[in-house]
Amino acid sequence: MTCRQTPLRLFGSPDSANLVVRLALEELNLAYEFVAVDRAKREHDAPAYLQMNPQGLLPVLVDPRQDAPVFETGAILLHLVDRSGQLGPDPASPSRGRFLKWLFFTSNTLHADLRASFKPDRYMPRPDCRPAFIRALRVRIEQHFSMLEREYSASPGPYLLAADPTVIDFYIAACARWAQLYPDGFQLKIAPYSELRSMMGALEDRPAVVRACRLEHIEGAPFTAPRHLDLPGITD
Ligand SMILES: N[C@@H](CCC(=O)N[C@@H](CS)C(=O)NCC(=O)O)C(=O)O
């Protein structure tokens, strides 16, 4: 009798935050099932989905070894690093603190500000205040990328911690992709951030990144020359 282990299950929609998790899963070569959630039909608001993530946000990772579904992109990434012992330093490593602080910065600050820039109406209901809100977000987001650019310049590179990528690089590259495509009223210009750009170029050459992007319906150079997806329901 063969005993088949239940694989990981990733819930997501093309080019949503699940992209980051997919990049890590493909790089780790882990078996997983992708469960498509139709954002146009607001399937992430359905009771069954809210039981997994009461925020109604993508992504969710169901790991049969865990006693509950995992949500929050940063938490899922850290879980995958700890589970696999790859794509990030272990807790005893001297670079663990550096790894954690930039992972949390990316999740709590960069990704959070980007989210507000994609949906400013949810954060600033008054339309007359929205242009000023968007301007402030733009300044913050550019400062975040400048800070990251300085950190990449200080690394022997091309990745944040050194010669090999960690989940942080995938997360930052995806944030840079979205910052160039989805903010309401502006697009980040990536050219001035040359270290970030070379890191993203190096990622684009990795077979796992090519595979993940194909599965997410992303065409062309996903980070250095991103293009909108021609699919319904992406940003609804
Ligand atoms: N802090 C969350 C943010 C996730 C997030 O913003 N997900 C978006 C897709 S990129 C989403 O589910 N949007 C649906 C909505 O806002 O209704 C995380 O890191 O997982």
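The structure is a predicted model, in which local features need pLDDT of at least 70 and side-chain atom pairs count only at pLDDT 80 or more, while totals for chains, interfaces and linings use all residues. Residues are numbered from 1 along each chain as its sequence is written, and side-chain values use heavy atoms, with hydrogens and water left out.

**The two domains**

The chain is divided into domain 1 (8-84) and domain 2 (96-206), with bounds that come from an automatic or database domain assignment. Their C-alpha centres lie 21 Å apart, and the contact (heavy atoms within 4.5 Å) takes 16 residues from domain 1 and 18 residues from domain 2. Between the domains an area of about 1,400 Å² is buried, with carbon and sulfur atoms giving 66% of it; buried area is the accessible area (1.4 Å probe) that two parts lose on being put together, summed over both. Of the area that domain 1 buries against domain 2, D15, E27 and L78 supply 33%, more than any other three residues.

Three salt bridges are counted between domain 1 and domain 2, a salt bridge being a side-chain nitrogen of Lys or Arg within 4 Å of a carboxyl oxygen of Asp or Glu. On the side of domain 1 that touches domain 2, α1 (18-28) and α3 (73-84) each supply at least two residues, and α3 gives the largest share, six residues; helices are DSSP runs (H or I, at least four residues), numbered from the N terminus.

**Around the ligand**

Of the 14 residues around the ligand, L58, E72, T73, R115 and R122 come nearest, where a residue counts as near if one of its heavy atoms lies within 4 Å of the molecule.

| Residue | Ligand atom | Distance |
|---|---|---|
| E72 | nitrogen | 2.9 Å |
| R115 | oxygen | 2.8 Å |
| R122 | oxygen | 2.7 Å |

**Salt bridges**

By the salt-bridge rule, the count comes to twelve. One of the salt bridges joins R22 and E216, whose closest N and O atoms are 3.0 Å apart. Because R22 lies in helix α1 and E216 in the segment after α9 (207-215), this pair ties together parts that are 194 residues apart in sequence. In another salt bridge, the side chains of R96 and D82 meet at 3.4 Å, N to O.

Technical notes. A polar contact is a pair of N or O atoms within 3.5 Å; within protein, one must be able to donate a hydrogen and the other to accept it, and residues adjacent in sequence count only if both atoms are side-chain atoms.
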